Amino acid sequence: MKKINKLALFANKSNQRLFTTILVILVLYVLMTILDGTGNLSSLMKGLLVPVCAYSLVAVGLNLCVGYLGELSLGHAGFMCVGAFSSAFFSKAFVGIIPDVPRFILSLLIGTALAALFGFLIAIPVLRLSGDYLAIVTLAFGEIIKNVINVLYVGVDSQGLHFSMKDMMSLGMEPGGKIIINGAQGVTGTPRQSTFTISVVLLLLAIVITYNFVNSRTGRAVKAIRDNQIAAETVGLPITKYKLIAFTLSAAIAGVGGVLYAHNISSLTATTNTFGYNMSIMILVYVVLGGIGSFSGSIIAATILTLLPEMLRGLSNYRMLIYSVVLIMLMLFNWAPGILKWREAHGIKNFKSILKSKNTKEVQ
Amino acid sequence: MSLLEVTNLGISFGGLRAVDEFNISIDKGQLYGLIGPNGAGKTTVFNMLTGIYKPTDGKIFLDGVDITGKRTAEINKAGIARTFQNIRLFGDQSVLDNVKIGLHNSFEYSTATGIFRLPKYFATEKKMDERALEILSVFGLDKDADVLASNLPYGKQRQLEIARALATNPKLLLLDEPAAGMNPNETKDLMNTIALIRKEFDVTILLIEHDMKLVSGICEKLTVLNFGRVLSQGETSTVLNDPEVIKAYLGE
Ligand SMILES: Nc1ncnc2c1ncn2[C@@H]1O[C@H](COP(=O)(O)OP(=O)(O)O)[C@@H](O)[C@H]1O
Ligand SMILES: [Mg+2]
């Protein structure tokens, strides 16, 4: 009898954290909707609601990689980029051919699947590395994706698809043809279908999936590999398989963020700030400040740090001052010894433990 | 036929010959002691048996199957589990989860089943919980099931590591200095537990210890390593009275 109670308690503990996170998202959602309904939301702020969800998704994906797989990736903007451009490509190519709703669902699936595929393909060589090497290779990957898209021209006419890496002219399109990806100008006129509500629904879905994942048999194996790879091998876990699964899922979630982002912007371009290393670092900042291993923390940090500059616009003189105070407060939340203890008790990790050396030459 | 048959095992690290011409034969059900001073190469033998180090020479047979050079996870599936001299738990996970990770290959459901919490997820998790608690209760650790492994006191961490190894359902259990850092009382308890699990889990045990008094009480056979080579081998009483052993090890 006692044993049964105990088991129910375990289930509640991880579920509790999930419910808190869902609650946090719903409260933010309702708050924003009310502010919007009462006309208290500036158009700039309104424009940020979908990006906040998109960044939150990428941060949740990266947190899965950093916090649970225990590997540092500096290329998650790259997966976001793959999701964004592949889904925008699909939506634009099939506008007027497939009805809006199924087309958006399909583009969402395509963006997610392609980001997952890229994650999988990159993980195969990359996950043999660890620590600094992994960070460098993922950083390079993100840059390569961005740069390739910047020179990619794709058009469609009655002959089918045309590709070029040179310029628009060399596509050799018929007069009536449609340019879909136009090099550095990217994709323009993607149907703007990412509403705030859809974004929140997808964010909730991603949260439930990641929570379930990290609390499943596979998730336990992933965490075991993170905690002690050698011990994980000696209890018979196939290391590569589980690293691949976790990294692929992490990339897929970042891809969903990319899909949302792409369907909220009239002109989608791949620049350093949108999908380059700046964005990768920004997402990492959300993950670190929000707390490694804490999905709700990632979302809160992404939200605060994206909206704050806008909210402070009215106080233009003090804006940077307040922004820095908030940053310092978030830092304290992450590093202060008393708070560290509290966070430890609640299963939230800090950055140091991730960057620990994985050099295990002499095994004792 | 013996459960573990090792012939001419050897490994070099650069110029250092850490283990040389190591032979051992362990029968099913035996409790076997591997002893020797610090740096003798005992842990290195365990690392070769579990595939963490690839031996430069020699062969390892488990239950008649050649497992030389196989990967660590494969060797565990073949039937060898171990603990470490420097405890290696999954520190950020609960005591219960540590054992459930040991049960990973005995209870299966797919990643998708876990993500979407299909009925099989609940059924299998329940079975795993029950089995894990059963194993933990052998060590009296079931009360600590929801404690974070890294928050356990040292002695219990050592026991949890044994519990996790047993969860993989091994034929052969390798224990690397399980009593290190324990006080005499804890050590006595541990030795009793080891004797108990041998029966309860029907497992053969090879145990490293550098305190000779400790092993002499419970081990049927001993191998003494010195500078990477076998100094003496055989029945416990014979080995303990071997003049070579007395000279090299007990004498000081
Ligand atoms: N990976 C390694 N690289 C170099 N030397 C090693 C390695 N592993 C073990 N050694 C050396 O092998 C010798 C035996 O070590 P070990 O097996 O740990 O001894 P012990 O009998 O105390 O367990 C030591 O000199 C140790 O430094
Ligand atoms: Mg040793």
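Author: Accessible areas come from the Shrake-Rupley method with a 1.4 Å probe, and for residues only the protein chains shown count as cover. On that basis, the accessible surface of chain A comes to about 16100 Å², of which 69% belongs to carbon and sulfur atoms. The model is predicted: local features need pLDDT of at least 70, side-chain atom pairs count only at pLDDT 80 or more, and totals for chains, interfaces and linings use all residues. Residues are numbered from 1 along each chain as its sequence is written, chains are lettered from A and ligands numbered from 1 in the order in which they are written, and side-chain values use heavy atoms, leaving out hydrogens and water.

Reader: Why does A:Phe120 count as partly exposed?

Author: Buried means under 20% relative accessible area and exposed over 50%, with partly exposed in between (1.4 Å probe, protein chains only). A:Phe120 has 34% relative accessibility, so the residue counts as partly exposed. A:Phe120 lies in helix α4 (residues 100–126) of chain A. In chain A, buried residues make up 54% of the 364 residues.

Reader: Which strands are the edge strands of the sheet in chain B?

Author: Two strands pair if DSSP finds at least two bridges between them. The open sheet has 6 strands in the order β6-β7-β8-β3-β9-β10 (chain B), with mixed pairing. Its edge strands are β6 (80–82) and β10 (229–235) of chain B, each pairing on one side only.

Reader: What makes β6(B) and β7 of chain B a pair?

Author: They are joined by 3 bridges and run parallel, and the requirement is at least two bridges. In this pairing, B:Ala81 stands opposite B:Leu173 in β7(B).

Definitions and conventions. Helix = DSSP H or I, 4+ residues; strand = E, 2+ residues; numbered from the N terminus.
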